[in-house]
Amino acid sequence: MTIDWSGIADRYGTPAYVYDGDGLVSNLRQLRAALHPRLEIFYSLKANPNRSVYELLRSAGAGAEVSSLAELRTALAVGAPPRDILFLGPGKSPEEIATAVDARIYAIVCESFGELDLIERCARERGVRQRVLLRINPAYSVTGSRLTMGGRPRQFGIDEAALADANNLGSRYQHAHIAGIQVYMGTRILDAEIVVKNTAYVLELADRVAAATGIPLEAVDIGGGMGVAYFDGEHDLGVTEMAEQLNLLLDTFVSTHPDTRLIMESGRYLTARFGTYLMKVRYTKESMGERFAVTDGGTHHHMAAVGIGSFVKRNFPIELLDGDGDPAEAGPWNVTGPLCTPNDMVAKKVQLPPLHPGDLLGVHRSGAYGPTASPVFFLSHGYPAEVVVLDGRSFLVRARDTVDDLLSRQPEHNLEAQVQE
């Protein structure tokens, strides 16, 4: 869709995250149409916990996978039925578990035997049964993932080998109702065959765990990990190709498990391509033969742009959104923010037209793991504005932090006077 970048900058200021609401909805609908009708999609709010973003995805049928009290309250406030909410995370607090039980969410994904005991006590105190899915740390390690989540020592889940020794696990608890499993193999996977291979392993593992422990398979959460391309040489996941193979696999499983609920988690795939980090150039300069554009944005809002985990700086797709720069005169630019650190490099030696103060730059594919996964309070800059564009209209969905907002969290105690006394 066409977005009036200058109008958004004038109305809401910069820097800002701008989300294509129409794209969010249509992308999820296309994914749901392609995948097996029994496979439910739960949105991982950790990717982008903005309430309005989830509201749009919920309107298109997404459940909620949450990992904090704030995310749980967001899902409930948007109107997600408790039946469509899962709570994950390796270090859940007693308060988080109690709130999840009180909300009667579909399942808590349990990551250790100690946590399972805590869920049992919490549910017993309330006289209820709380459904639990066991997160399993598989012995198998995925290939083709940018972040492998299994096959090695992890804080996540219960080792596959430990479950094999847990005989009659399903009958040990009266209030923590162990009703299935969850496995998350890896993230940012761009190969359809890897997603299918992972799913085949999870489904086979589910049967083995059920046979070894005596737990039912009311639900199997196959994780997700579907990626999007960010860098040169990468290509987006072929969803049609993936769905063709995955649906055949699920057909076979459903035929033998007609009552099992099947869940897929997705965060990055649902949001990344539909967000742009909008920045304004403040200054341009040349240093030792290289050109720099210093913007009002920076890595304190977009830590992913630093390229953590990569030995070579790779640029997110970035574009001049307005201005009179001639594309024919494009050349290498270093795009930085205002932070007092050399690491504040949003893009390094990226090809852009001649830039000038006041020009608007957009870092595309920035809808996932943006400000909430970044050190937004570094140098006390605070959180950027967030805007949704839907059907040609723009909506402020999070106000930017002001200086007063930041300072109001720090009470005055007149400590100097205390020291003098």
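Tutor: Let's begin with Arg273, which lies over the face of Tyr269, 4.6 Å from the ring centre. Before going on, note that this is a predicted model, where local features need pLDDT of at least 70, side-chain atom pairs count only at pLDDT 80 or more, and totals for chains, interfaces and linings use all residues. Residues are numbered from 1 along each chain as its sequence is written, and side-chain values use heavy atoms, with hydrogens and water left out.

Student: What makes the charged end of Arg398 count as sitting over the ring of Tyr383?

Tutor: The rule asks for NZ of Lys or CZ of Arg within 6 Å of the ring centre and within 35 degrees of the ring normal. The charged end of Arg398 is 3.5 Å from the centre of the Tyr383 ring and sits over that ring.

Student: How many aromatic pairs are there, and why is Tyr43 with Tyr54 called stacked?

Tutor: The structure holds six aromatic pairs. Rings of Phe, Tyr and Trp (its six-membered ring) pair if their centres lie within 6.5 Å; planes under 30 degrees apart count as stacked, over 60 as edge-to-face and the rest as tilted. The centres of the Tyr43 and Tyr54 rings are 6.1 Å apart and their planes are at 10°, so the pair is stacked. This pair links distant parts of the chain, with Tyr43 in strand 2 (residues 39-44) and Tyr54 in helix 3 (residues 51-59), eleven residues apart. Helices (H or I, at least four residues) and strands (E, at least two) are DSSP runs, numbered from the N terminus.

Student: Why is the pair of Phe231 and Phe316 edge-to-face?

Tutor: Their ring centres are 5.7 Å apart and the planes are at 80°, so the pair is edge-to-face. Phe231 lies in the loop between strand 11 (219-221) and helix 9 (239-256), and Phe316 in the loop between strand 14 (290-295) and strand 15 (318-320), so the pair ties together parts that are 85 residues apart in sequence.

Student: How do you know whether Phe231 is buried or exposed?

Tutor: Buried means under 20% relative accessible area, exposed over 50%, partly exposed in between (1.4 Å probe, protein chains only). Phe231 has 12% relative accessibility, so Phe231 counts as buried. Phe316, at 6%, counts as buried for that reason. Asn198, in helix 8 (residues 192-213), is buried because its relative accessible area is 5%.

Student: What makes helix 3 oblique to helix 4?

Tutor: Their axes come within 10 Å and cross at roughly 50°. Axes are lines fitted to C-alpha atoms, for helices over the stretch in contact, and angles run from 0 to 180 degrees between N-to-C directions. Angles under 35 degrees count as roughly parallel, over 145 as roughly antiparallel, 65 to 115 as roughly perpendicular and the rest as oblique, so helix 3 is oblique to helix 4. The contact (heavy atoms within 4.5 Å) is made by residues including Arg51 and Tyr54 of helix 3 and Thr74 and Ala75 of helix 4.

Student: And why is helix 8 roughly parallel to helix 9?

Tutor: The axes of helix 8 and helix 9 come within 8 Å and cross at roughly 15°, so helix 8 is roughly parallel to helix 9. Among the residues that meet are Val195 and Leu203 in helix 8 and Leu246 and Phe253 in helix 9.
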